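Please read the following report alongside the sequence and the coordinates.

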Amino acid sequence: MSHLHIPDGVLPPLVWIVGAVLALLVLLASGRSTRGQGPREIAYRSALGGIMLAVMAIPVPITAFDYCMTLAGPVGVLLGAAGAYQACFVVTVILALMGQGGFSVIGLNALVLGAGAAIARPIYLAIAARTRPATAMAAATAVSQLFSSALWLAILAVSVKLAPGAAHEHEVAHALAWVRGGVVAAVVLPLLLLAVGVEAMLGFGLARFLDRVRPDLLPGRTSADVPEEASA
Amino acid sequence: MINTFAQVDYLASAGGSVWHRASALTKLAAAVAVIGGALFANGWPALAALLVTVIVLVLTARLPLRLILAAITAPLLFAFVFAAAAWDGQAAHAAPRLVRPVIAGVVALWLVGTTPYPDLFAPISRVLPRAVGDSLFLTYRAVFSLLGRVERLWKALFLRGALQGPVRRRAGMMGEAVGTVVLYGFERSHRLYQVMHLRGHSGRICGCRHWLDLRREDAWVIGVLLWVVVAAIVFHGAPRS
């Protein structure tokens, strides 16, 4: 839900050009903040980017639909805002080269995915101080997914409004009202919440596993938390 | 999906067409020109010229028909939703929303199907921050082993009944399974880091095989580039769609 498969040529130029410029500015800022990092961090970031791509390719059967996970929330928790944004950018570039989403929406894709990932770690740290890491990861993942999805819907709404000729057409206005009132409430919202729930539970399972086996990979934990049998 | 990834990767390295022998830089420039032309074309003649151009490109690159059809149909599914959302009762207004994504999708296939990824990523990584440029290479390299591992893992979960039962149980199990892949990715990144050091990593992955080596075949790509520019200018004043 939170990664756009929008192809080239359907969004108004104003939307994707602004998205591309913003995405590049954020990329430059994230590049500055990770300048001191060595090849070890780059390799880890790339591995998590590879896992995002691999997991996106596997459909998760929920009800009658298949859902494609993004792992943006957990990756945001594990890498932090700057690293996760860079991983999301690279993932969207490779997806575009593979025909999953257009080249012109690489910026918007990276912003949508990266924004969700960027807010995940602060949320995780705030909640993990009071409860188990798995619960904190689930909550951070859910908020991250909701935030990305809200951004996604906002971009679509702006795009439809800016589409040439659409804003003043009575039929389009009527269709938009119907979409807003009926389809969103009846179909999109329940599916979105179900998808967020699935992604949160995946985050829960992921953090529960890491907390048991390699807690030092979770933020806020140290190598002293590593169980003896895992570090042996 | 891993088969498609692998097939495109193999075709890019093993193909022998004139496009395969051309440099990555000129092909990237031509692809950008075609996509830019499709995005900003304001008339049917320009879009038709671009569509014919990209179809000729992929056919002469000798890419499999299955991949070409996939490149045509995949963006159509999503473009159709947008065309329907902005439907104003005139097919002439909706049709460009369907044709533009097809042109972009097919030219993307031509680009990745004729250019090995180190050559393709080398010019892209030059304009990105160093860490992001390096990540581009390493992520692509990691995808193959991780994708294979995730697919095997999913198959094992399915065979052992982990994909049965309530969604909460299934998602929790899948989360733990993804945890094993994250752990594998972490260990793999450590090994990769050590290999990079052993091989004398200088702080930047070069990827500079011959992405800038201009050859005779580049004349064809430059010809395509010029044709796209000329078509955009000539058909600019043509009737609006």
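Predicted model: local features only at pLDDT ≥ 70, side-chain atom pairs only at ≥ 80, totals over all residues.

In chain B, the domain assignment gives domain 1, made of 2–116 + 211–234, and domain 2, covering 123–198. The C-alpha centres of domain 1 of chain B and domain 2 of chain B are 30 Å apart, and the contact between them involves 7 residues of domain 1 of chain B and 6 residues of domain 2 of chain B. On the side of domain 1 of chain B that touches domain 2 of chain B, helix H1 (2–14) and helix H3 (24–40) of chain B each contribute at least two residues, and by class that side has 7 nonpolar residues, with no polar and no charged ones.

Between the chains, 62 residues of chain B are in contact with 64 residues of chain A. To the side of chain B that touches chain A, at least two residues each are supplied by H3, helix H5 (65–85), helix H6 (91–114), helix H8 (130–159) and helix H9 (167–198) of chain B, with H9(B) giving the largest share, 21 residues. The classes of the residues on the side of chain B that touches chain A are tabulated here.

| Class | Residues of chain B on the side touching chain A |
|---|---|
| nonpolar | 43 residues |
| polar | 12 residues |

As for confidence, chain A has a mean pLDDT of 81, and 78% of its residues reach 70 or more. Within chain A, confidence is lowest in helix H7 (residues 228–231) of chain A, where the mean is 52, and highest in helix H4 (residues 106–128) of chain A, at 93.

Note on methods. Residues numbered from 1 in each chain as written. Chains lettered and ligands numbered in written order. Domains from an automatic or database assignment. Contact = placed C-beta atoms within 7 Å. Helix = DSSP H or I, 4+ residues; strand = E, 2+ residues; numbered from the N terminus. Nonpolar A, V, L, I, M, F, W, Y, C, P; charged D, E, K, R; others polar. pLDDT = per-residue confidence, 0-100.
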